[in-house]
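The following note sets out numbered points for a colleague who is reviewing this entry. Please read each point beside the coordinates.

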Amino acid sequence: MSLTDVKNAALETPSRSRKETWARAALALTAVGWGANQFAPMVLLYREKLGVSASAGEAIFGLYAAGLVPGLLVAGPLSDRVGRRPVVAFAVLLSMLSGTVLMLGSHGLAWLSVGRVLMGIASGAAFSAGSAWVKELSAANPVAGAGAGARRTSIAMTVGFGLGPLIAGVLVQWGPAAYETPYIPQLILAAVALALLSRTPETVQRKRSGVLGGGLLRLRGFSDRRFVGVLLPMAPWVFGAATIAMVYLPGLAAGHVKSVSLIYAGAVAMVTAMSGVVIQPVARRIAASPAGQNRARPRLLTVGLALVTGGTLADAGVAALNGIGAWQAVLTLAAAVIMGFGYGVLLVFGLAEVQRLAPPEDLAGMTAVFQAFTYVGFAAPYLLSALKSVASPATLLLAVAALGVLTLVVTLRNARATAAQE
């Protein structure tokens, strides 16, 4: 589609400003992002009130990735053929269905499992098709400037990621009907977003050929040595760092803030998500600097894995200090900031490297593969909880830090090797 086509599409509703059109699509991203992260404090509720084990609760949290990966891989190419609006509308509707199913979570873990998978599918569809939609609507207005679409997408998703767990934590802590009420704000926000989507201009002309004929995403990148040797080993640390901070650590500190443990869990999730976004402009400046473009010694990779390793070491130290009371919760919150920074830096590095390595025809496929590997990190909290009978949390976190150092050594070695061949 040409820029002229995009501009014409944006003028389908002349009574509305272009700012309003992109904002409607962005609101859909906020609503789905809200639904994706609001479950973080609920894990602690199900553990405390329903007797769900830590490993089971964190496994259910991780089921989100099982739906998100196919959602990412299918929805983006599908929206290229049928249009952005129907795919994003489907994603918002599915997020509402997920919230409704999750409200039945007190009746059994099956409801929670199904709800999380549905939310993952909704998120994958919204983040792929919706991100493209916001960028295209922003591109229709030259005044917005280069990169406006990406910034707006990031802000919209971050607002949802941050406010979702915080509001859910407040409602589950002090609101009525703790198993149902925390999901209601997202249902309302999603309903508003869905109503506005019907008046948001379409930016893609529907293809007349079969819906999926020739449009399925081709997975690429496995023949590129740098992609396989540097990016894929690093990728799980992106959301591994984020989910350890959001889900595993609040469970360790909850006993020290019993009166506000649920809202505390929501606050930790919000701080982690916000830290990951706040650091990204700094990471982009580093990536654009001469030192940041050294392929043999990628600075962002080193900084990101160092932050994750340092944050994990700090967490291990806090976990070992069981006698410091509420200070453990405060220190855990501080460690979440470090982990969030690491998550944000590694995400910027990974996406920038994919854009540099991928030929235009393979960009979508390589980006999807990289993103799929990042979501492997959602298994980290479950694995840590499942191994609690093997070692203490402090020891397990030390092992995670050691694995981070090993990943840094291996990826830097591979980076030097591949840079010599470029």
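1. Ala-177 is partly exposed, at a relative accessible area of 43%; buried here means under 20% relative accessible area, exposed over 50% and partly exposed in between, with a 1.4 Å probe and protein chains only. The residue sits in the loop that joins helix H7 (148-174) to H8. Although Ala-177 is not a glycine, its phi is positive, at about 45°. Helices (H or I, at least four residues) and strands (E, at least two) are DSSP runs, numbered from the N terminus.

2. The model is predicted: local features need pLDDT of at least 70 and side-chain atom pairs count only at pLDDT 80 or more, while totals for chains, interfaces and linings use all residues. Residues are numbered from 1 along each chain as its sequence is written, and side-chain values use heavy atoms, with hydrogens and water left out.

3. On confidence, pLDDT is the predictor's confidence in each residue, on a scale from 0 to 100. The protein has an average pLDDT of 84, and 87% of the residues score at least 70.

4. Two stretches call for caution. Over residues 1-18 pLDDT stays under 50, and the model has 25 contacts beyond four places in sequence for them; contact means heavy atoms within 4.5 Å. Over residues 211-215 pLDDT also stays under 50, with nine contacts beyond four places in sequence. Where pLDDT is low, the predicted coordinates should not be read in detail.

5. As to overall organisation, the secondary structure of the protein consists of 17 helices and zero strands. Of the 422 residues in the protein, 54% are buried. Among contacts with a separation of 6 or more, 84% join residues 24 or more positions apart.

6. Which residues have the most contacts inside the largest nonpolar core? They are Phe-39, Phe-127, Phe-227 and Ile-244, in a core of 113 residues. Helix H10 (residues 236-253) gives the most to this core, contributing twelve residues. A nonpolar core is a set of buried Ala, Val, Leu, Ile, Met, Phe, Trp, Tyr and Cys residues joined through side-chain atoms within 4.5 Å.

7. Helix H10 also packs against helix H14 (residues 326-357): their axes come within 8 Å and cross at roughly 170°. H10 and H14 are therefore roughly antiparallel to each other. The contact involves, among others, Trp-237, Phe-239, Ile-244 and Leu-249 of H10 and Thr-332, Met-339, Tyr-343 and Leu-346 of H14. The residues of this contact comprise 16 nonpolar, two polar and no charged. Axes are lines fitted to C-alpha atoms, for helices over the stretch in contact, and angles run from 0 to 180 degrees between N-to-C directions. Angles under 35 degrees count as roughly parallel, over 145 as roughly antiparallel, 65 to 115 as roughly perpendicular and the rest as oblique. Ala, Val, Leu, Ile, Met, Phe, Trp, Tyr, Cys and Pro count as nonpolar, Asp, Glu, Lys and Arg as charged, and the others, Gly among them, as polar.

8. Thr-312, in helix H13 (residues 299-320), counts as buried at 1% relative accessibility. Beyond its neighbours within four places in sequence, Thr-312 is in contact with Met-339, Leu-397, Val-400 and Ala-401. Thr-312 and Leu-398, 86 residues apart in sequence, are 7.2 Å apart in space, C-alpha to C-alpha.

9. Ser-131 belongs to helix H6 (residues 109-139). Is Ser-131 buried or exposed? At 11% relative accessibility, Ser-131 counts as buried. Setting aside its neighbours within four places in sequence, Ser-131 is in contact with Leu-29, Ala-126, Thr-153 and Met-157. The C-alpha atoms of Ser-131 and Ala-156, 25 residues apart along the chain, are separated by 9.7 Å.

10. Two further helical positions complete the note. Pro-281, in helix H12 (residues 280-288), is partly exposed at 36% relative accessibility; Pro-281 and Arg-151 are 130 residues apart in sequence and 9.8 Å apart in space, C-alpha to C-alpha. Ala-372, in helix H15 (residues 363-374), is buried, with a relative accessible area of 17%. The C-alpha atoms of Ala-372 and Ala-235 are separated by 8.6 Å, although these residues lie 137 residues apart along the chain.
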